[in-house]
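Please read the report below alongside the sequence and the coordinates, which are shown first. It moves from single helices to the chain contacts and then to the overall dimensions.

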Amino acid sequence: MSFERLAVSKAPRSRTDLFLSFTWLGLQGFGGVLAVVQREIVDRKQWMSLAEFAEEWALAQTLPGPNVVNLSVMFGGKHFGPSGAFAALSGLLFFPGLLMLAIVFTFQAFAHLPWVASALHGMGVAAAGMVMAAGWRFMPTLRQHPIGFPLALGFAALSFALAAWAHWPLAHVIALVGSLSCGLTWWRLAPKDAP
Amino acid sequence: MTWQLWLELHLHFCMLSLLAVGGALAIIPEMHRYLVTDLHLMSEIAFSRSVTLSQIAPGPNILLVAVMGWNIGLQSAGGLEAGGAAMAFGLFMALGLLAAAVLPSSLLSYFMVKWLQVHQQARGVRAFKAGMIPLVMGLMLSAGWLLQTASNPQTDWRLLVICGVCMLLVLKTRVHLLWLMLGGAVLGAVLGL
């Protein structure tokens, strides 16, 4: 038994606690959600140990959908079943969502002003740079990829070309590149034969 | 908006929910293709603003789907000039599309978590996880690229520079994202871009 299991970790007290905690969490995340979630759940509330959190986050990443959304559903579900999952999920999305729509509405009311429109252009390309940086961050992972860096980079480039230039539907991109990449990876992960 | 279109939109987003292997950012290219290029439900500018504003607001990135819904609903009901009814429809679309984008993958996560915990070291699961990474990287880079072209319709070189600089600053420094957005806003406004 590891020491992490021996230590008593605290748990959310109720569905309301889940909802409010995830609301607070949602109101903090500016793109770097992982750091915020970790700080809140592991450090501050101590609802999970770091090891448990790493494992849950890895699971959330494997499943489709936003990582933090998956995590909220998995975590809420573990503690209070379906209603817990719903409480955590709605906490994460409801008030942050309202706030977001309020911000959008405010901007739209002023978007006719030329300097606001110019500012939005500037912000748009800044955001574009941020999103590209988020993608570029995978480079080190590609270097270590089971199928080797050249092929992994090739698949990334192909996905980029199909999505950004050829405007392929996502389902087709996933069907083609996803199956090739996962298939090759599966083959390369074959267990070595024992001598 | 016909109810057929309404239904088709929501079903499409339900499908996207299950295809969103890289999270919200990875489905941006598809949303652009579907909403702007295919169905002409949003202009490039509206698309760019939706994503941009969702980046300044706190909360998970997936909320940008709500913003898209808001814009689509608002516009199809007559825009801000049409007043309360248009805004109500905007809210209705925002909630509906967000639910469509979030519920399928959330349900999948809820029901799969136990199975996945047991099988996470299985070869197939590991292959899936690692195999998807090049794809996710390509999708995110293309999301950024599409956002750039949507925000920079005249391909102004100065906006390109801002884009590149922001990308470098995010990769090489710990400057908070909000400062970058503010910088972009100020530069954009001052230079009249």
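## Helix H1 of chain B

The buried residues of H1(B) are B:Leu9, B:His12, B:Phe13, B:Leu16, B:Ser17 and B:Leu19. They cover an arc of only 160° around the axis, so they fall on the same side of H1(B), the arc being that of the directions from the helix axis to the C-beta atoms. The cover over these buried residues includes helix H9 (170-188) of chain A together with H2, H4 and H5 of chain B.

This is a predicted model, in which local features need pLDDT of at least 70 and side-chain atom pairs count only at pLDDT 80 or more, whereas totals for chains, interfaces and linings use all residues. Residues are numbered from 1 along each chain as its sequence is written, while chains are lettered from A and ligands numbered from 1 in the order in which they are written.

## Helix H4 of chain B

H4(B) is mostly covered, with 12 of its 13 residues buried, among them B:Trp70, B:Asn71 and B:Gln75. Its buried residues pack against helix H5 (67-110) of chain A together with H1, H2, H3 and H5 of chain B. At 1.5 Å a residue, the 13 residues of H4(B) should span 18 Å, and the end C-alpha atoms are 18 Å apart, which agrees; the expected span is 1.5 Å times one less than the number of residues. After H4(B) comes B:Gly78, whose phi is positive, near 115°.

A:Gln46 counts as partly exposed because it has 13 C-beta neighbours inside 10 Å.

In chain B, Phi of B:Thr155 is near 45°, again a positive value in a residue other than glycine. B:Thr155 lies in the loop between H6 and H7 of chain B and is exposed, with 9 other C-beta atoms within 10 Å.

## Contacts between the chains

How many residues of chain B are in contact with chain A? There are 94 residues of chain B in contact with 79 residues of chain A, two residues being in contact if their C-beta atoms, placed from the backbone, lie within 7 Å. H6(B) gives the most to the side of chain B that touches chain A, with 27 residues. The residues of that side divide into 61 nonpolar, 27 polar and 6 charged; Ala, Val, Leu, Ile, Met, Phe, Trp, Tyr, Cys and Pro count as nonpolar, Asp, Glu, Lys and Arg as charged, and the others, Gly among them, as polar.

## Chain A overall, and confidence

Chain A has 9 helices and 0 strands, with helices (H or I, at least four residues) and strands (E, at least two) taken as DSSP runs numbered from the N terminus. Its C-alpha atoms fill a box of roughly 60 × 55 × 25 Å along the principal axes, and buried residues make up 44% of the 195 residues in chain A.

The mean pLDDT of chain B is 93, and 100% of its residues reach 70 or more, pLDDT being the predictor's confidence in each residue, from 0 to 100. For the complex, the predictor gives an ipTM of 0.92 and a pTM of 0.90.

Definitions and conventions:
Buried ≥ 20, exposed ≤ 12 C-beta atoms within 10 Å, placed from the backbone.
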